[in-house]
Structure formats: structure tokens, C-alpha cells
Amino acid sequence: MKIIDAVWEQRNLGIDSVEIYLDDEDTPEMVRDAIEQMKDKKDLRTFIVPSTQSFKITGMIEDAGYHFVHSILNVIFDTAENAGKMDYLRECSNKLYAKKVEGSGIDRVCAKIEEGIFTDERFNIDPRIGIDKTNRRYSLWIRDLYEKAQNGNEKSYSVYEAYNVEDDQPIGFLSLYNFGYGQKTPKFHLIGKYLNMPYMGKGHQIQAFKIVMTVESGATEFYTGFSSHNLRSTVIHQKNGWRITSINNFFAKMD
């Protein structure tokens with residue numbers, strides 16, 4: 001079990017938050033103690049529970065007034081498993097090109113995020129938080145990581161904008177950890193298609209482009225995660241060859 005005081009959510013969402021990560025070794029007694037310890041301590045308490053945990057433990061959490069909010073599906077792209085898909089992915093992505101975000105370019109990316117591009121997320125379906133605060137949260141998150149990278153504290157984090165080949169218009173963005181380190185396993189962070197873009201299927205193309213550029217950097221496998229609320233993302237990941245490795249279920253209580 002790992003308990004994290006999510007201090008960043010005070011700035012991001014205006015709430016005090018704590019996250020309790022369980023593992024398969026945690027017992028009902030340990031979870032009961034954690035529930036008692038967290039009682040009345042924060043505005044928002046969230047248990048993150050592996051899908052392999054027992055129903056007895058998830059039942060205890062629900063009986064304490066926590067509600068299921070979503071699952072995160074953790075997935076991996078293995079190039080050995082998807083050798084036959086690469087031509088298809090290259091064909092999907094060849095109508096795009098990318099530019100690395102530099103300097104004040106991050107301002108545009110963050111402004112585009114705050115227009116409301118993320119709609120399928122655990123916070124924006126809660127009327128007490130909503131879509132505006134949720135997208136503001138993502139904007140602050142990506143800016144923090146970007147600025148740390150510029151200051152030499154997070155060198156492995158990169159942000160790119162995706163452009164349409166036909167008219168050179170920016171249509172979305174993508175961000176990664178550990179990109180360009182060859183065999184070092186990268187992690188996809190965020191990916192988003194800008195609003196009001198008169199292009200169909202570009203979300204799929206952006207992800208295909210992200211896969212191709214990562215494979216061409218020398219990576220043999222890479223991973224990410226997405227919300228169970230995001231049906232479009234589920235379909236795209238499945239179509240593009242990602243394999244589910246684990247599922248974490250989120251149970252939250254907010255006062």
C-alpha cells in the first residue's frame with residue numbers, strides 16, 4: 001500500500017486530495033485501517049485498487065461510502081507482436097508531421113487544452129468539478145513537466161504538436177517520457193486533438209504517428225494508460241495493436 005498526499009490537486013482543482021494505492025499483498029485488515037486513517041482528513045479520498053484484488057476488499061471500500069468512478073487500463077505496445085501492423089500504422093500517420101514544442105510554444109498547447117479537449121475523464125463527469133477544471137488540470141500538469149524538462153530536471157519529457165501535411169495546420173499534440181533513448185522503454189503521456197478541427201479520424205492518426213515515431217527512435221516496447229470512460233480511446237488502442245497488461249479500479253469519496 002502506498003499513500004500519496006496529492007498536494008497538486010489543491011492548485012489544479014481547489015481541493016485537498018489523497019490517493020491510496022493498493023497492491024495484491026494488502027489484507028482486509030490493512031485496508032480497514034487505511035479507511036479509518038483517511039476518514040475526514042481530505043476533501044477527496046481515492047482508493048486505486050488492482051483488478052486482481054479480492055471482492056472482499058472492494059466491498060469494504062464501497063461499504064465505507066466510496067463509489068467506483070472509473071478504471072485505468074494499462075497497455076503495452078510490443079514491436080515484436082505488431083511487426084505486421086507497422087505498414088498500416090505508417091499509412092495512417094503519413095498525412096501528419098510533428099514539430100517539437102520549444103519555448104513559448106507550450107503556451108499554445110496549454111491554451112488549446114483549456115478549450116476543453118479532454119471530455120472522458122474521471123473528474124469532468126463529476127458536477128462538482130466539471131470539464132473546465134479538468135482541462136485546466138491537464139494544462140497545468142503538462143506545463144509543469146515541460147518546464148522541469150527545460151530546467152534540466154525532467155530531460156526525458158518531450159511535447160510535440162502534430163500538423164496536417166495538406167495545409168500545415170496544427171491539429172493536436174502528443175507528449176512522451178523517455179523518448180529518443182533507444183531501447184529504454186518510453187511511456188506515452190498525453191495525446192489530444194484540438195477542438196474545431198475540420199478533419200475526421202485525426203485522433204487515430206495522431207496516435208498512429210506517435211507509435212511510428214517511437215518505433216523509429218529505436219524503442220522495442222512502450223506503454224500508456226487510459227480511462228475506461230473513453231470508448232474512442234479503447235477502440236483506437238485495440239485497433240493499433242496495444243495489449244492490456246493490468247487494470248486499476250478507482251473508488252472515490254468526496255466531502
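Which residue forms a salt bridge with Glu 81? In this predicted model, the partner is Arg 243, with the closest N and O atoms 2.9 Å apart.

## The Glu 81 pair

Glu 81 is partly exposed, at 44% relative accessible area. Arg 243 is also partly exposed, at 36%.

## Other salt bridges

The structure holds twelve salt bridges. One of them joins Glu 216 and Arg 90, with the closest N and O atoms 3.6 Å apart. This pair links helix H7 to helix H4 across 126 residues. Glu 216 is exposed at 56%; Arg 90 is partly exposed at 33%.

Arg 232 and Asp 120 meet at 2.7 Å, N to O. Arg 232 belongs to helix H8 (residues 231–239), while Asp 120 lies in the loop between helices H5 (105–113) and H6, 112 residues away. Arg 232 is exposed, at 57%. Asp 120 is partly exposed, at 26%. Shared partners join Asp 107, Arg 143 and Glu 147 into one salt-bridge network.

## Buried Tyr 194

Tyr 194 lies in the loop between strand E8 (187–193) and helix H7 (202–216). Tyr 194 is buried, with 1% relative accessible area. Its side chain makes a 2.6 Å polar contact with that of Glu 161. Beyond its sequence neighbours within four places, its contacts include Val 109, Lys 112 and Ile 117.

## Buried Asn 135

Asn 135 is in helix H6 (residues 130–150). Its relative accessibility is 0%, so Asn 135 counts as buried. A polar side-chain atom of Asn 135 lies 2.9 Å from the backbone oxygen of Ile 131. Outside four places in sequence, Asn 135 touches residues including Ile 113, Glu 114 and Ile 117.

How values were computed. Residues numbered from 1 in each chain as written. Predicted model: local features only at pLDDT ≥ 70, side-chain atom pairs only at ≥ 80, totals over all residues. Heavy atoms only, no water. Helix = DSSP H or I, 4+ residues; strand = E, 2+ residues; numbered from the N terminus. Buried < 20%, exposed > 50% of the residue type's maximum accessible area, 1.4 Å probe, protein only. Contact = heavy atoms within 4.5 Å. Polar contact = N/O pair within 3.5 Å; in protein donor to acceptor, adjacent residues only side chain to side chain. Salt bridge = Lys/Arg side-chain N within 4 Å of Asp/Glu carboxyl O.
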